[in-house]
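User: Please take a close look at one helix pair in this model and at its surroundings. I am new to this structure.

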Amino acid sequence: MTADRTTPLFDRDTALRHAATALARRFHTCVSAETVHAALHNTYAQLESATKIHTHLPLLTIRRTTEHLSTICETKATPMTTKPEVLFVCVHNAGRSQMAAALLDHLADGRVTVRSAGSAPASAVNPAVVEALAEIGLDVSKEFPKKLSDEAVRASDVVITMGCGDACPVYPGKRYLNWELDDPAGQGIDAVRVIRDDIHARVRQLLAELDTSNT
């Protein structure tokens, strides 16, 4: 007899119901309870269709929905500073965009708001990417792939794509860049290190440009 690999319906519904209540309370100043409920269930449906193992889907759903609602609220808020906001986008948000976001966040040291997302997010960050970043002192073991949203693009000043084609919406007033980078998916640690170092150099150049434009 094989084990059931899906999340029991009762556990799923209970977890999502409790999450909806908590998130509605947390984000009540900028979104309605109906928006929270819809976001949770839409995110769960997207994740359910993308993976065969559903054990941790409620937890992953809550994490992704929290990120999504945070972005919506940040977009609606009145800007209090001139701190630039950068969004890195690749297909799965499991490799290139995760490395770029971690590197920029580290190098900027609070001077830049950094996000990353994917047009078709994977279920987890590439382990080789986690290892390659750990080698230079950056811990992304608790990060997770996030779904690209219009809100994330609207909240950003600079949007950098990495092989996601036309999936990223275009809005006036944003700076769009496309970085041609090898995909670390399926590659060994040696190849991932090369990609990491390429991204590192590009991020340093980007940060220098951002610092210059904000002085």
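**The contact of H4 with H7**

H4 and H7 cross in a right-handed sense, the near helix being turned clockwise from the far one by less than a right angle. The model is predicted, with local features requiring pLDDT of at least 70 and side-chain atom pairs pLDDT 80 or more, whereas totals for chains, interfaces and linings use all residues. Residues are numbered from 1 along each chain, and side-chain values use heavy atoms, without hydrogens and water.

Helices here are DSSP runs (H or I) of at least four residues, and strands (E) of at least two, numbered from the N terminus. H4 covers residues 96-108 and H7 residues 189-213; they pack at about 45°, with axes 9 Å apart.

The contact comprises 12 nonpolar, 1 polar and 3 charged residues.

Leu 104, Val 203 and Leu 206 also belong to the largest nonpolar core, of 31 residues, and are among those with the most contacts inside it. Such a core joins buried nonpolar residues through side-chain atoms within 4.5 Å. H4 gives the most to this core, with 8 residues.

In the loop between E1 and H4 lies Asn 93, which counts as buried (under 20% relative accessible area) at 0%. Asp 109, in the loop between H4 and E2, is exposed (over 50%) at 65%.

Terms used: Axes fitted to C-alpha atoms, helices over the stretch in contact; angles between N-to-C directions. Nonpolar A, V, L, I, M, F, W, Y, C, P; charged D, E, K, R; others polar. Buried < 20%, exposed > 50% of the residue type's maximum accessible area, 1.4 Å probe, protein only.
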